[in-house]
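Open the model in your viewer and keep the selection tool ready. We will go stop by stop.

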Protein chains: 2
Amino acid sequence: MAAENGMAGGGTVGKALDVLDHIAMFARPVRFNELLTGSPYPKATLYRLVQVLVGEGMVTFNADQGTYSLGMRLVRLAHAAWDQSSLAPIARPHIDALSAQVGETVHLAQIDNAQVLYVDKRNARVPVEMYSQAGKVGPAYCTGVGKVMLAYLGPSELDRVLQQQAFHRFTPHTLTNEDQLRRELSDIRANGYGFDREEHEPGIICVAVPILSAQGRLLGALSVTSTTSRTNLAALEAQLPQIQTTVSAIAEEVQAWRFPDQAPASMED
Amino acid sequence: MAAENGMAGGGTVGKALDVLDHIAMFARPVRFNELLTGSPYPKATLYRLVQVLVGEGMVTFNADQGTYSLGMRLVRLAHAAWDQSSLAPIARPHIDALSAQVGETVHLAQIDNAQVLYVDKRNARVPVEMYSQAGKVGPAYCTGVGKVMLAYLGPSELDRVLQQQAFHRFTPHTLTNEDQLRRELSDIRANGYGFDREEHEPGIICVAVPILSAQGRLLGALSVTSTTSRTNLAALEAQLPQIQTTVSAIAEEVQAWRFPDQAPASMED
DNA sequence: TTTCCGAGTTCCAAATAGTGAAACTTGGTT
DNA sequence: AACCAAGTTTCACTATTTGGAACTCGGAAA
């Protein structure tokens, strides 16, 4: 059985993508042997896998140093993905504007499996040291954007996703079981927005709002983040009108883009 | 290393990545049948390939509409690739500043095989309709950034790369053979910068400057682009001091980042 | 120098995963 | 009811992948 290895696929493609992830994990050029250590694949197999990736342009081999890093083809694909996601590129100018208004860190996130994927970020005028970064993933059950998105998931999907939450206690305020979280989610549904009350990192708080299509489909979430030393929840809550305006504008524009003249599609269940 | 077929995608991984590219090419969610049309693979094969990609999170299947788009995992990898490339993330704020100063379109590019890869872009205050886009590739022999990068390639690599240029005549000003281009490149080396004199698109002109490390290694190129209806080469040339300042700042920072005099904390010693 | 060592690379028979024509399912249209 | 097109599954056949082991290569130790 698998160790703490996040591998998914039995196929060759799955293995190759595993290796790609592995290379991505190191945030720097990496030697073959470094990859081998902690790889579930035997030397020869790993070797061929890496060769294939290099041949495909997904990985670059630096002959001078004998190191591998992610390739240009990936950058190209990356951009296509970002453009296609239709939320991020449309939201960009709106987030710029909001960020300029409130002067705090703004996050745009989507839900990916059971985790939060930060798809864009603007730093506060006075930046805050924190974990998050565009392109990074984070936990859903203890972040503002995560909880807000969970709150607007369909019941069956919510069940599935909650099953996968780790409920690790990051801080004394982290919600550490499903019941607590479910109560929080119904509060969020009642209010239309949610908070992060230092649940993931001490001193870090935020307000988060879901981005919903006209049909109520969850598109993503947006949050404004700050620190307890600088502000408090009430002050963040006071920003809500501007945040809501931003979110509405984004939702409308996504709507117009995705369904240029199409009737609303029926939803699942 | 026996004789190889020239086709990309000898193995399964290659085919899967082909499909990924294919999906990326459409700038929107795409139906299975659309992919099938113009795919070299038979229906069942393509189907399984796409399924694998979906299973791996590289492609998202939208059940409501029966469409495929690029997946979150790709976005994640993409960001890692962009971050790791070390030029783009460092250059970003500098490009923001330059763009604000000059008010014209700014491109940041790197060389990828024999082509130009635009890794970042800022639009002019008054945007111009044009081909280029971050994440897209373009020809090297008839763009400002392309020629400037060619000019600072090593002799053997330059030979190899020139071999691969198409020398297609896009406009009456396009340089259409190696000799013309080589003369242009030595001019560029003499000046330290180069122009695009409507060589790729009529009416589009630019100044481009190479980004070089302290050791003279080519890191990328930066250009400021405009139109003949708005300005001229002399006016663009007048922007050079600001561009050079920006480029120096980027080069220095990349230098500092790539050799932080700190060993990566790891298992062995 | 010679020997040793470990990173990187190649080999090949056995095992596995991929292939694709064709058949089938689904849902909408005539 | 018959038809059609998109999407999905099947299955005998085959090409690719696998990984233990052997090999190369260059540097460090003997």
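At what angle do helix H6 (residues 144-151) and helix H8 (residues 178-191) of chain A pack? About 80 degrees, with their axes 9 Å apart. That makes H6(A) roughly perpendicular to H8(A), a label for angles of 65 to 115 degrees. Axes are lines fitted to C-alpha atoms, for helices over the stretch in contact, and angles run from 0 to 180 degrees between N-to-C directions.

Before moving on, note that this is a predicted model, where local features need pLDDT of at least 70, side-chain atom pairs count only at pLDDT 80 or more, and totals for chains, interfaces and linings use all residues. Residues are numbered from 1 along each chain as its sequence is written, while chains are lettered from A and ligands numbered from 1 in the order in which they are written. Helices (H or I, at least four residues) and strands (E, at least two) are DSSP runs, numbered from the N terminus.

**Stop 1**

**Stop 2**

Now show the strands of chain A. An open sheet has 6 of them, in the order S6-S5-S4-S9-S8-S7, with antiparallel pairing. Strands pair if DSSP finds at least two bridges between them. S6 (137-139) and S7 (194-197) stand at the edges with a single partner strand each, so one side of each has no neighbour in the sheet. The twist averages 35 degrees from one strand to the next.

Zoom in on S4 (residues 105-112) and S9 (residues 218-227) of chain A, which are joined by 5 bridges. Pick A:Val106; its bridge partner in S9(A) is A:Val224.

**Stop 3: where the chains meet**

Select helix H4 (residues 72-84) of chain B. This helix lies across S4, S5 and S6 of chain A, at about 45 degrees to S5(A).

Now widen the view. 38 residues of chain A are in contact with 39 residues of chain B. H4(A) gives the most to chain A's side, with 12 residues. That side divides into 23 nonpolar, 9 polar and 6 charged residues.

How is chain A laid on chain B? By a turn of 179 degrees and a shift of 0.3 Å along the axis, with an RMSD of 0.7 Å. That is the relation of a two-fold axis. Copies are superposed by least squares on the C-alpha atoms of residues with pLDDT of at least 70 in both. Click A:Ala78: of the residues of chain A, its C-alpha comes closest to the rotation axis, at 2.0 Å.

**Stop 4: the DNA**

Show DNA strand C. A residue is near a strand if its C-beta atom, placed from the backbone, lies within 6 Å of it. H3(B) supplies the largest share of this surface, 4 residues.

Switch to DNA strand D, which 18 residues surround. The closest are A:Ala44, B:Gly11, B:Phe32, B:Asn33 and B:Ala44. H3(A) gives the most here, with 4 residues.

Terms used
Contact = placed C-beta atoms within 7 Å. Nonpolar A, V, L, I, M, F, W, Y, C, P; charged D, E, K, R; others polar. Parallel < 35°, antiparallel > 145°, perpendicular 65-115°, else oblique.
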